[in-house]
Amino acid sequence: MLKNLVNVAMVLSVCLSIGYANQCKSKEEKLNGCIERFYYLSGQLKYEIPYENGEINGVEKKYYKSGKLKEETPYEYDKKKDVSKDYYESGQLKEERLYKNGKLFIYKKYNEQGELIISTE
């Protein structure tokens, strides 16, 4: 019982600290600009997707259950742009993808020691 209360308190504190003021709740809100957030059962943030004019616009971020950043992908009106990065849970860079006009242009993969192991450059 106490464990359940602690879990509920943690979820509430995460929700309050992040805030729902700009949480997407409808298609209309996605037109005005908001962030759609998804959570693990533990209450930890799993990923967030920014919307503007009904399209993904901004940096989509995904997280490990530990709360560490897993992926970040910039979008401009539903198209991937610039450099998307994936990370090992240690925080070491895992992959980089460069997008031009919404299409993958260059791909790089690194091992956990940070050494480049694959590149299409």
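The legends below describe close-up views of a predicted model.

**View 1. Overall layout of the predicted protein.** The protein contains 2 helices and 10 strands, and from the N terminus on its elements follow the order α-α-β-β-β-β-β-β-β-β-β-β. Of its 121 residues, 31% count as buried. Among the contacts with a separation of 6 or more, 7% are accounted for by residues 24 or more positions apart.

**View 2. The disulfide between Cys-24 and Cys-34.** The structure holds 1 disulfide, formed by Cys-24 and Cys-34 with their sulfur atoms 2.0 Å apart. The link of Cys-24 and Cys-34 is right-handed, with 100° about the S-S bond. It joins distant parts of the chain, for Cys-24 lies in the loop between helix H1 (2-18) and helix H2 (27-32), while Cys-34 belongs to strand E1 (residues 34-39), 10 residues apart. Buried means under 20% relative accessible area, so Cys-24 counts as buried at 10% relative accessibility, and Cys-34 counts as buried at 5%.

**View 3. The hairpin of strands E1 and E2.** Strands E1 and E2 run antiparallel and are joined by 6 bridges, and Arg-37 stands opposite Glu-48 in E2. The two strands form a hairpin with 5 residues between them, and Gly-43 in the turn has a positive phi of about 100°.

**View 4. The aromatic pair of Phe-38 and Tyr-47.** The structure holds 1 aromatic pair. The rings of Phe-38 and Tyr-47 have their centres 4.6 Å apart and their planes at 25°, so the pair is stacked. Phe-38 counts as partly exposed at 30% relative accessibility, and Tyr-47 likewise counts as partly exposed, at 23%. Tyr-47 also has a bridge partner in E4, which is Lys-62.

**View 5. Strand E4 between its pairings with E2 and E5.** Strand E2 (residues 45-52) and strand E4 (residues 58-63) run antiparallel and are joined by 2 bridges, while E4 also pairs with strand E5 (residues 69-76) in the antiparallel sense, over 6 bridges. In this second pairing, Leu-69 in E5 is the bridge partner of Tyr-63. E4 and E5 form a hairpin with 5 residues between them, in the turn of which Gly-67 has a positive phi of about 95°.

**View 6. Lys-94 and its contacts.** Lys-94 is found in strand E8 (residues 93-100) and counts as partly exposed at 26% relative accessibility. Not counting residues up to four places away in sequence, Lys-94 touches Asp-86, Tyr-87, Tyr-88, Lys-108, Lys-109 and Tyr-110. The C-alpha atoms of Lys-94 and Lys-109 are separated by 5.8 Å, although the two residues are 15 residues apart along the chain.

**View 7. Lys-100 over the ring of Phe-105, and the loop residue Asn-101.** The charged end of Lys-100 sits over the ring of Phe-105, 4.3 Å from its centre. Asn-101 has its place in the loop between E8 and strand E9 (103-110) and is exposed, with a relative accessible area of 74%. Most residues other than glycine have a negative phi, whereas the phi of Asn-101 is near 55°, a positive value.

View 8. Asp-78 is placed in the loop between E5 and strand E6 (79-80). Although Asp-78 is not a glycine, it has a positive phi of about 70°. At 43% relative accessibility, Asp-78 counts as partly exposed.

How values were computed
Residues numbered from 1 in each chain as written. Predicted model: local features only at pLDDT ≥ 70, side-chain atom pairs only at ≥ 80, totals over all residues. Heavy atoms only, no water. Pairing = 2+ DSSP bridges. Helix = DSSP H or I, 4+ residues; strand = E, 2+ residues; numbered from the N terminus. Disulfide = S-S within 2.5 Å. Buried < 20%, exposed > 50% of the residue type's maximum accessible area, 1.4 Å probe, protein only. Phe/Tyr/Trp six-rings, centres within 6.5 Å; stacked < 30°, edge-to-face > 60°. Lys NZ or Arg CZ within 6 Å of the ring centre and 35° of its normal. Contact = heavy atoms within 4.5 Å.
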